[in-house]
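This report describes selected features of one protein model. The sequence and the structure are shown first, and the description follows.

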Amino acid sequence: MEMLPDIWISQTGLQLHSLTTFISQDSEFVDWKRFLVLASSPLPMPSRDELFGTLSRFMDIDLEKTGSVSEQQFLQLHLWFSEDSEHEDGLAYPRFKHLKQLLFKIFCNSKKTAPMLNYEDFLLYFAMDENPIEGMLRALSIVCCQHMPSSSLFQPEAPALQKETDTSTSFPVGKNISDEPGGNALITLQDFVKVFHHGGNEFSDKQRFQGAEHTPFSQDRLSGVFLELGASETESLPFYILYQHPIIEDCLHICQRFKYHNLKNLLKCERLDASMNEGH
């Protein structure tokens with residue numbers, strides 16, 4: 001306990017429970033890796049360009065295209081932050097160098113004889129953004145290895161939810177993003193599954209289709225979207241076509257999995273105390 005910052009030591013069990021509930025709104029479970037990323041101050045979160053550039057560097061050294069790198073490869077690769085020593089009280093301390101070593105230990109598959117790190121999975125944890133739509137688009141860009149449209153093209157609020165009784169096959173027009181950069185990025189069913197189910201169990205959706213056979217993030221429902229749009233489960237479709245489907249539009253707007261939470265601010269936030277009191 002003595003090694004924890006004061007702000008963590010001062011939290012009660014109920015406050016910590018409230019915190020974990022707040023940052024795992026899309027799941028009944030806390031993804032401990034995501035939690036550690038959120039708690040890893042002062043490690044900076046990458047920009048979209050830095051994220052994509054890091055992915056490109058991983059792919060360049062992955063000569064056998066296995067999707068994984070060794071510890072030596074990981075430590076030699078430039079990520080998105082400087083590893084220069086920091087000076088505290090005149091003494092140099094390689095904080096980020098040690099953080100990089102720790103990142104490999106956290107994200108590698110230690111069950112193998114020679115631990116390997118899946119760099120797509122690793123980068124998805126750093127796709128988070130304060131704007132959850134931006135976080136989702138960043139995640140899709142990693143999985144698809146293509147740039148996605150700017151989040152500025154999308155409304156921040158969730159769209160009106162389509163009624164279950166609506167049997168119309170016509171889809172909302174949505175925004176005309178086919179001519180925007182990233183609007184024609186190709187996405188497969190498995191790309192969506194990787195993103196919507198990253199880091200844990202299938203979402204328990206409480207905002208739409210309550211009591212329905214499948215959640216809007218389930219593979220069966222997403223597969224139905226591709227079939228309705230005339231594609232098989234293995235074919236890819238342009239982003240702008242997929243976004244015009246109400247299920248994909250809703251998924252993009254209601255998914256909170258890639259929302260970045262500043263834990264330091266949350267620990268000081270009165271909302272945690274308020275939500276804790278609501279539980280009594």
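## Helix packing, sheet and cavity

Helices H4 and H8 cross in a right-handed manner, the near helix being turned clockwise from the far one by less than a right angle. The model is predicted, so local features need pLDDT of at least 70 and side-chain atom pairs count only at pLDDT 80 or more, whereas totals for chains, interfaces and linings use all residues. Residues are numbered from 1 along each chain as its sequence is written, and side-chain values use heavy atoms, without hydrogens and water.

The axes of H4 (residues 48-61) and H8 come within 10 Å and cross at roughly 20 degrees. H4 is therefore roughly parallel to H8 (angles under 35 degrees; axes are lines fitted to C-alpha atoms over the stretch in contact, with angles from 0 to 180 degrees between N-to-C directions).

An open antiparallel sheet has three strands in the order S1-S5-S4 (pairing requires at least two DSSP bridges). S1 and S4 are the edge strands, each pairing on one side only. Three bridges join S1 to S5 (residues 116-118), and valine 69 stands opposite leucine 117.

The second largest cavity has a volume of about 50 Å³ (points on a 1 Å grid where a 1.4 Å probe fits but cannot get out; lining residues have an atom within 4 Å of a point). Its lining comprises eight nonpolar residues, with no polar and no charged ones, Met136 and Phe192 among them. The helices below each supply at least two lining residues (DSSP runs of H or I, at least four residues).

| Helix | Residues |
|---|---|
| H8 | 132-144 |
| H9 | 189-196 |
| H11 | 239-243 |
| H12 | 246-254 |

Conventions. On a 1 Å grid over the protein atoms alone, a cavity is a set of points where a 1.4 Å probe fits but cannot get out, and a pocket is an open set with protein on both sides within 12 Å along at least five of seven lines; lining residues have an atom within 4 Å of a point. Grid points are joined across faces, edges and corners, and a volume is the space filled by probe spheres set on the points. Ala, Val, Leu, Ile, Met, Phe, Trp, Tyr, Cys and Pro count as nonpolar, Asp, Glu, Lys and Arg as charged, and the others, Gly among them, as polar. Angles under 35 degrees count as roughly parallel, over 145 as roughly antiparallel, 65 to 115 as roughly perpendicular and the rest as oblique.
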